[in-house]
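Have the model open in your viewer and your selection tool ready. We will go from stop to stop, picking residues and saying what is there.

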Amino acid sequence: APARRDYRACPRGARARCSRRGALAAAARAMEIKLAPGAELNRDQKEAMQRGFDYVVAHADGARQRAREGLPLLLLPGDAPRLLRACGRAITQQEVRLVTSEVPPQGIDFNGFCKLFERLSKQQQATEGKLCEALGALDITGTGALDPTLLRDLLRGFGEGMLPADIEAVLSGLPKDRMGKISTRSIARRLVRGPEGLQYLS
């Protein structure tokens with residue numbers, strides 16, 4: 001059974017939205033779409049993405065009303081970056097802003113999402129070495145390790161912000177030194193590969 005989400009981590013009055021975001025992440029977590037730069041999605045990849053897309057749009061704001069009116073269910077701007085990330089595409093803050101501004105307020109259909117995924121996949125994602133180097137710049141002690149509290153603050157501020165449960169999933173099981181810090185190499189490897197294959201950063 002899936003772990004119960006701690007709604008106390010959500011701002012007061014936003015529990016429904018937090019629940020929807022948690023369901024979105026849980027539903028799409030199993031997907032990992034690998035696409036070489038410039039390549040197109042194949043049939044199997046589209047089928048896998050279609051299942052995730054259908055789940056997300058069915059749980060989006062206003063989905064029930066649109067279904068009652070016989071209107072197509074569309075992917076909303078706020079859900080697009082999360083679904084991209086859940087499909088295995090690590091997106092930067094700049095890409096998050098670009099995606100949310102490009103997707104119209106009423107949303108996009110599945111074909112539009114596939115084109116968006118293919119276009120973003122033309123850009124190479126960050127390597128473990130580059131992330132390790134970037135994290136190393138935050139290590140003022142020169143020990144090659146960072147405090148988990150600093151890492152949590154970093155992940156909370158990345159992109160549209162990660163859910164507390166997802167942050168804990170990233171940090172879970174990473175080895176710590178005698179001071180309780182996590183090596184920049186191990187956190188870089190986790191951020192690139194992600195728990196259960198889910199990538200978080202680029």
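Start by selecting helix H8 (residues 148-156) together with helix H9 (residues 164-171): their axes come within 10 Å and cross at roughly 130 degrees. Helices here are DSSP runs of H or I with at least four residues, strands are runs of E with at least two, and both are numbered from the N terminus. Axes are lines fitted to C-alpha atoms, for helices over the stretch in contact, with angles from 0 to 180 degrees between N-to-C directions. H8 and H9 are therefore oblique to each other; angles under 35 degrees count as roughly parallel, over 145 as roughly antiparallel, 65 to 115 as roughly perpendicular, and the rest as oblique.

Before moving on, a note on what you are looking at. This is a predicted model, in which local features need pLDDT of at least 70 and side-chain atom pairs count only at pLDDT 80 or more, while totals for chains, interfaces and linings use all residues. Residues are numbered from 1 along each chain as its sequence is written, and side-chain values use heavy atoms, with hydrogens and water left out.

On the H8 side, pick Pro148, Leu151, Arg152, Leu155 and Arg156; on the H9 side, pick Ile167, Glu168, Val170 and Leu171. These make the contact, meaning heavy atoms within 4.5 Å. By class, the contact of H8 with H9 has six nonpolar, no polar and three charged residues. Ala, Val, Leu, Ile, Met, Phe, Trp, Tyr, Cys and Pro count as nonpolar, Asp, Glu, Lys and Arg as charged, and the others, Gly among them, as polar.

Next, select helix H5 (residues 93-102) and helix H6 (residues 110-120). Their axes come within 13 Å and cross at roughly 155 degrees, which makes H5 roughly antiparallel to H6. Colour Glu95, Leu98, Val99 and Glu102 of H5, then Leu116, Arg119 and Leu120 of H6, to see the residues that make this contact. Sorted by class, the contact of H5 with H6 has four nonpolar, no polar and three charged residues.

Stay on H5 and click Val96, which is found in this helix. Is Val96 buried or exposed? Val96 is buried, with a relative accessible area of 7%; buried means under 20%, exposed over 50%, and partly exposed in between (1.4 Å probe, protein chains only). Draw a distance from Val96 to Pro77: the two are 19 residues apart in sequence and 9.7 Å apart in space, C-alpha to C-alpha.

Then try the cysteines. A search of the whole structure finds zero disulfides, a disulfide being a pair of cysteine sulfur atoms within 2.5 Å. Cys87 is in no disulfide, and the nearest cysteine sulfur, that of Cys114, is 8.7 Å away. Cys87 counts as buried, at 0% relative accessibility. Cys132 is buried too, at 12%.

Which residues does Thr184 touch, leaving aside its neighbours within four places in sequence? Select Cys132, Leu135, Gly136, Gly144, Ala145 and Leu146 to see them. Thr184 itself counts as buried, at 7% relative accessibility.

Finally, zoom out to the chain. Its secondary structure comes to ten helices and two strands, running α-α-α-α-α-α-α-β-α-α-β-α from the N terminus. Of the 202 residues, 44% are buried.
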